Structures are given as C-alpha cells and as structure tokens.
Amino acid sequence: MTVIETLKSYLSTDPGADVRAALRADHERIRELAAQMAEEKTAGRRRALLAELKPLVTAHARAEEQVVYGAMLELRGAKEAHDLGNEGFVEHSLTDVLLERLAKTDLAGTDAWKAHATVLKEMLEHHIDEEEDAFFDALGERFDAAELEAMAIAFERTKAALDGGAEGQRRRR
Ligand SMILES: [Fe+2]
Ligand SMILES: [Fe+2]
C-alpha cells in the first residue's frame with residue numbers, strides 16, 4: 001500500500017482540512033520562537049524558549065517526513081518533487097544537530113548561544129520559506145483535496161503521537 005493509500009484510510013471526520021494549513025500554523029509558531037531565541041539575553045528565558053521550540057520542531061519535522069515527504073517521494077515521474085523532499089530531509093537533519101547542540105551542551109549562559117540561535121533561526125526561515133513556496137505549490141499540483149485532507153489528519157495524529165512520547169520522556173526524567 002502506498003503512503004497516500006494508507007493516509008486515505010484516516011479520512012472521516014474533518015472535511016475541508018488541508019495539510020498546508022496545518023503546516024503553516026506550526027511554521028508561524030516556529031518562526032516566532034526562533035526569532036525570540038536569537039534575541040533573548042537571559043539564560044533562563046533562553047532555556048524556556050528552547051524547551052518549547054525543540055519538541056515542536058522535532059515532532060513537526062518527523063510527522064512532515066513520514067506523511068508529507070513520504071507521499072512526495074512516492075510520486076512517479078516527479079523529479080522536482082523528489083528533489084524538494086530530499087533537500088527537506090537534509091535541512092531537517094541539520095536543524096536537529098543545532099537543536100541538540102543547544103540543548104545538550106547547555107549554551108544558554110554563553111556567548112555561543114547567540115551564534116547558534118541565529119544560525120538556527122536563519123536555517124528555519126530559509127527552510128520554511130521554501131516549504132511554503134515551491135513545496136506547497138507542488139502539493140497543490142500533485143494531490144487532490146481529499147488527499148490533502150487525509151495528509152492533514154495523518155500529520156496531526158503522527159505529530160501528537162510523537163510529541164506525546166517526548167512529553168512522557170520529559171516527565172520520566
Ligand atoms: Fe515544515
Ligand atoms: Fe520541514
């Protein structure tokens with residue numbers, strides 16, 4: 001069964017949803033948090049912002065990879081869509097590296113914070129701009145309304161499952 005066939009099995013309750021609206025809503029919050037992280041001066045606020053941004057970006061990216069990139073990479077004869085998907089995976093992995101470094105080495109009290117947070121903000125802005133431009137266009141061209149709706153439902157479910165797992169891990173620490 002293809003990704004899109006699996007996704008269609010989710011269809012039922014939420015007519016009119018479009019995965020691009022769900023992605024855009026996360027993108028707005030991600031942009032805000034990343035901009036604040038690059039400007040923030042106090043260690044406590046920096047850590048609090050990272051504690052919100054990291055699980056949001058991580059769950060968003062993994063759900064996006066599974067649901068949206070997965071469907072794009074399955075398309076036949078769609079080299080541009082495949083290139084966009086593959087570039088997206090690489091950009092996600094670089095974002096993961098910066099988020100891990102900010103968290104694991106706890107840079108919040110150091111001068112290195114601003115450099116890392118600024119590069120992270122610029123990478124996220126570039127990535128999100130590209131997704132909302134070429135990537136969203138490709139989704140609109142390649143998938144019909146029912147498929148985009150199925151992706152929206154699957155994206156939210158996948159993200160909730162991932163974020164719920166991360167929340168559980170945080171609580172167990
Ligand atoms: Fe995204
Ligand atoms: Fe992305």
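Is Glu131 buried or exposed? I looked this up before anything else. Glu131 is buried, since its relative accessible area is 3% and the cut-off for buried is under 20%.

**Entry: confidence.** I am working from a predicted model. The protein has a mean pLDDT of 89, and 88% of the residues reach at least 70. I then checked the elements.

**Entry: iron ion (ligand 1).** I listed the protein donors as His27 (NE2), His60 (NE2), Glu64 (OE) and Glu131 (OE), at 2.1 to 2.2 Å from the ion. Along the sequence these donor residues of ligand 1 follow the spacing H-x32-H-x3-E-x66-E. What is the arrangement of the four donor atoms around the iron ion (ligand 1)? The arrangement is irregular, because the donor atoms subtend angles of 86 to 174°. I also looked at His60 and Glu64, which both sit in helix α3, four residues apart, about one turn of the helix. Both of these residues are buried, and for Glu64 the relative accessible area is 0%.

**Entry: iron ion (ligand 2).** Which residues coordinate the iron ion (ligand 2)? I found Glu64 (OE), His92 (NE2), His127 (NE2) and Glu131 (OE), at 2.0 to 2.1 Å. The angles here run from 83 to 167°, so the arrangement around ligand 2 is irregular. Glu64 bridges the iron ion (ligand 2) and the iron ion (ligand 1), and the two ions lie 3.1 Å apart. Glu64 in helix α3 and Glu131 in helix α5 (residues 112–142) link distant parts of the chain, being 67 residues apart.

**Entry: aromatic rings.** I counted two aromatic pairs by the ring-centre rule. Tyr69 and Phe89 are edge-to-face because their ring planes stand at 70°, and the cut-off for that label is over 60. The centres of the two rings are 5.3 Å apart. Tyr69 belongs to helix α3 (residues 43–74) and Phe89 to helix α4 (residues 79–104), so I logged the pair as a link between distant parts of the chain, 20 residues apart. Tyr69 is buried at 0% relative accessibility, whereas Phe89 is partly exposed at 32%. Tyr69, Phe89 and Phe135 form one aromatic cluster.

Conventions. Residues are numbered from 1 along each chain as its sequence is written. Chains are lettered from A and ligands numbered from 1 in the order in which they are written. This is a predicted model: local features need pLDDT of at least 70, side-chain atom pairs count only at pLDDT 80 or more; totals for chains, interfaces and linings use all residues. Side-chain values use heavy atoms; hydrogens and water are left out. Rings of Phe, Tyr and Trp (its six-membered ring) pair if their centres lie within 6.5 Å; planes under 30 degrees apart count as stacked, over 60 as edge-to-face and the rest as tilted. Helices (H or I, at least four residues) and strands (E, at least two) are DSSP runs, numbered from the N terminus. Buried means under 20% relative accessible area, exposed over 50%, partly exposed in between (1.4 Å probe, protein chains only). Donors are N, O and S atoms within 2.8 Å of the metal (3.2 Å for Na, K and Ca); water is not among the atoms, so sites may look incomplete. Four donors count as tetrahedral if all angles lie between 85 and 135 degrees; four count as square planar and six as octahedral if opposite donors are over 155 degrees apart and all others between 65 and 115; anything else is irregular. pLDDT is the predictor's confidence in each residue, from 0 to 100.
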